[in-house]
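Hello,

I am passing on the structure we spoke about. It is shown below, and my notes on it follow.

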Amino acid sequence: MAAVGTEARGAWCVPCLVSLDTLQELCRKEKLTCKSIGITKRNLNNYEVEYLCDYKVVKDMEYYLVKWKGWPDSTNTWEPLQNLKCPLLLQQFSNDKHNYLSLVNKGKAISLKDNNKALKPAIAEYIVKKAKQRIALQRWQDELNRRKNHKGMIFVENTVDLEGPPSDFYYINEYKPAPGISLVNEATFGCSCTDCFFEKCCPAEAGVLLAYNKNQQIKIPPGTPIYECNSRCQCGPDCPNRIVQKGTQYSLCIFRTSNGCGWGVKTLVKIKRMSFVMEYVGEVITSEEAERRGQLYDNKGITYLFDLDYESDEFTVDAARYGNVSHFVNHSCDPNLQVFNVFIDNLDTRLPRIALFSTRTIYAGEELTFDYQMKGSGDISSDSLDHSPAKKRVRTVCKCGAVTCRGYLN
């Protein structure tokens, strides 16, 4: 993966020119605080358990090797169990040990013996990696929530493997135009409605129906564009025709899947059918650039290119490096999300915004998916398949597991 650029590095990222241990040691010597590397006023001279690294029994006394928060590994110390007031970390240590044994003894009965005098080095190494992963994912979660501009919270979870945050992904809230592409095309007029449900509002001016009912659910068929009220409209932010621009209202979790699909997204709350869930955003590039990038993505077996082919095929959205939560939504041949084209301030039909709405009630804990071959048409006929040159050269195997699975993503 490419290195994180200085201009895009999140607040939790640490420059790799100097090790974290060295930075922490320098800060402590100079009595300086630095929140991004864990040196705060609270722990500048105090010790706080960050995680537990190892375990042993000496003369019937249990000891844990402690990593102190904000202190380098060289200061780790063995501490008796009776001195540790961190029940959550002790439980995590025990769970990680059990998980490791479950992995190495897959399919076999496991008998945990708590009277071992010391952990095997491989177990201790795994426990430390899990602890570091947990910290990294928490920092990433905090960073995502700092960057988002919508109501719904973002959570991160990995109980499957040791994979940490992606090193070459940058969270954005709206399209990022590639050099040479302009997204500035503001609406020239807006409505003056007092009630956008009953008056001649923006959709009527565009020659289409109002997209939503009074329950904020979409009522138009797939393939029909959505025209929301824009910045020139006199209606306020509570207007019932401003659903997509309000952003994601649901708490979602980016989680590591157990079926080999990498990261996925699940909802933590119930989502009613026909409700707006999220936008698909990324870097807007030309179709020629999509062709070039597609060759690289084919070799990696990834698919992040989304053709903006509402009326033309000049532009494509690439969410491989820049995107929001939708970057992590997996494909399914039997999806619970549907694609719609949306126009708000930018009315250029070559550059619609892409919104994902629920096709049915989605329950808490359920993974969110959409069909990568659907372009808002509502069917899977040959006309609706994505024939982007960037995606059609190499066939990517589908892992959705649906009864109606077509076998391939493209």
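Notes on the strands and helices

Tyr63 has Pro80 of strand 3 opposite it. Please keep in mind that the model is predicted.

The Tyr63–Pro80 pair belongs to the pairing of strand 2 (residues 61–68) with strand 3, where 4 bridges join the two and the strands run antiparallel. The sheet they sit in is open, has 3 strands in the order 1-2-3, and is paired antiparallel. Strand 1 (49–58) and strand 3 (77–80) are at its edges; each has a single partner strand, so one side of each has no neighbour in the sheet. On average, neighbouring strands of this sheet are turned by 35° against each other, direction ignored.

Helix 2 (residues 87–104) lies across strand 1 and strand 2, and runs at about 65° to strand 1.

Thr22 is located in helix 1 (residues 20–29). Thr22 is partly exposed, its relative accessible area being 35%.

Strand 13 runs antiparallel to strand 11 (residues 283–286), with 4 bridges joining them; Asp318 is the bridge partner of Glu283. Strand 13 also runs antiparallel to strand 12 (residues 305–307), joined to it by 3 bridges. There, Val317 is the bridge partner of Phe306.

Regards

Methods. Residues numbered from 1 in each chain as written. Predicted model: local features only at pLDDT ≥ 70, side-chain atom pairs only at ≥ 80, totals over all residues. Heavy atoms only, no water. Pairing = 2+ DSSP bridges. Axes fitted to C-alpha atoms, helices over the stretch in contact; angles between N-to-C directions. Contact = heavy atoms within 4.5 Å. Buried < 20%, exposed > 50% of the residue type's maximum accessible area, 1.4 Å probe, protein only.
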